[in-house]
Amino acid sequence: MAHHPEDEHHMRAALALAARGLGTTSPNPAVGCVIVRDGRVVGRGWTAPGGRPHAEREALARAGEAARGATAYVTLEPCSHWGKTPPCVDGLREAGVARVVAAMRDPDPRVDGAGFRLLREAGIEVTEGVLETEARALNAGFILRMTQGRPLVTLKLATTLDGRIATKTGESRWITGPEARRRVHALRGSHDAILVGSGTVLADDPDLSCRLPNYTPRPILRAVADRRLRTPPTARLFQGVGEAVVLTAPGHGREAMDRLTAAGASLVVVPPADEAGDLEPLALLKALAARGVTRLLAEGGAALSASLLRAGLVDRLAWFHAPAVMGGDGMPAAQALPVETLRAMPSFRRTAAIPCGPDLFSEYERA
Ligand code: AOF
Ligand code: ZN
């Protein structure tokens, strides 16, 4: 269908609106919608916290009568199914929208092209695939959960220039400065869950909260991979806002499990991967996806990072580098993968490099 010159411009605006919802809409996608009539924006909307109302409903409500004859730009195919709310396709049709421009097809099997078909059957002009690459990157978590049953994994690390996360005596607070630490909270805010290994809980007792300036702490699911059930019930991560989950191996006694559930944790048993008894990383991710997690921020330590990298399950890196060098007796960001040839290294493509106070923040995606 015809591509109009202004389509990309309005879709870019819709994508920016969609991004506002990241971290608050799971298990639903974060969608954005802009309604344009005679070249003028008459309504804007994005998926509400909790995943409903959908973006189109929000934008249509603002546009009111001005939606008649208008074009709706949506970052995802409008839904065609009856869920807890009526289909957005019906909303668009009833509002008299003349044309729908969508960035990508919805991989949810309840939609999967049916939204486009129903719109066309209702006589609405449909253009698909505008800024599809950008929309796929934005929806990567939702797409992975729908198609592979696992969340998007971003591995966050804060290291020295030579990639060390702690001294040999275990000192790690703080390698990076306050600006970097503030950015970590923003990063947490755009994810549905945080995952750490039990070693990190024992070493640092992080609270894993999401505190943003001028906001009350945002609820976020906090998870610990803890095959030996070493996490103490007094761990600070149990005190935060939102669900706390301990992922462990089978075979623990009732008493050890009850101690953690009494502290407010949900216990999830996942199969061990190998003789060493490490938790199977994909099973761990699937257990989190089953709880609705679409975007996971893994925050170390060295064992968890290695286990995810080894399994090829790190989709993105968020790496803070402090301007200091620790040397070879410091603890490396990841335990042995192992890598013997350069070809065998997990490799990434840099997507951003941003100065952050004295530190450098860089983002990468899988090469
Ligand atoms: C849209 N716009 O803003 C969102 C959509 O549980 P329900 O009924 O809310 O449906 C969730 C599904 O709806 C989700 O899997 C995805 O297919 C779609 N989400 N669709 O048109 C939105 N959030
Ligand atoms: Zn919808």
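Good morning. Of the 367 residues in this chain, 47% are buried, where buried means that 20 or more other C-beta atoms, placed from the backbone, lie within 10 Å of a residue's own; 12 or fewer make a residue exposed, and anything in between makes it partly exposed. The model is predicted, and for that reason local features need pLDDT of at least 70 and side-chain atom pairs count only at pLDDT 80 or more, while totals for chains, interfaces and linings use all residues. Residues are numbered from 1 along each chain as its sequence is written, and chains are lettered from A and ligands numbered from 1 in the order in which they are written.

Let me begin with the whole chain. It has 11 helices and 16 strands; these are DSSP runs, H or I of at least four residues for helices and E of at least two for strands, numbered from the N terminus. The radius of gyration is 22 Å, close to the 21 Å that the globule rule gives for 367 residues, so the chain is as compact as a globular protein of that length. That radius is taken over C-alpha atoms, and the rule is 2.2 Å times the number of residues to the power 0.38. Along its principal axes, the C-alpha trace spans about 65 × 45 × 45 Å.

I turn now to strand β13. How many of its residues are buried? The count is 7 of 7. Arg316, Ala318, Phe320 and Ala322 lie on one side, and Leu317, Trp319 and His321 on the other. In general, side chains in a regular strand alternate between the two faces of the sheet.

Which strands pair with β13, given that pairing requires at least two DSSP bridges? Strand β6, residues 152–160, pairs with β13 in the parallel sense over 7 bridges, and Thr154 stands opposite Arg316 there. Strand β16, residues 359–366, pairs with β13, residues 316–322, in the antiparallel sense over 6 bridges. In that pairing, Arg316 stands opposite Glu365, and Trp319 opposite Ser362.

Strand β16 also runs antiparallel to β15, residues 348–356, with 8 bridges joining them. Here Glu365 is the bridge partner of Arg349. β15 and β16 form a hairpin with 2 residues between them, and Gly357 in the turn has a positive phi of about 60 degrees.

Next, helix α4, residues 114–121. Its buried residues are Ala114, Gly115, Phe116, Leu118 and Leu119. Their cover includes α3, β4 and β5; contact here means that C-beta atoms, placed from the backbone, lie within 7 Å. After α4 comes Gly123, whose phi is positive, near 85 degrees.

Thr85 lies in the loop between β3 and α3. Is Thr85 buried or partly exposed? With 14 other C-beta atoms within 10 Å, Thr85 is partly exposed. Neighbours within four places in sequence aside, Thr85 is in contact with Arg52, Pro53 and His54.

His54 brings us to ligand 1. The ligand is surrounded by 19 residues, the closest being Val31, His54, Ala55, Gly83 and Asp108; a residue is near the molecule if its C-beta atom, placed from the backbone, lies within 6 Å of it. This shell divides into 8 nonpolar, 6 polar and 5 charged residues. Ala, Val, Leu, Ile, Met, Phe, Trp, Tyr, Cys and Pro count as nonpolar, Asp, Glu, Lys and Arg as charged, and the others, Gly among them, as polar.

Definitions and conventions
Pairing = 2+ DSSP bridges. Contact = placed C-beta atoms within 7 Å.
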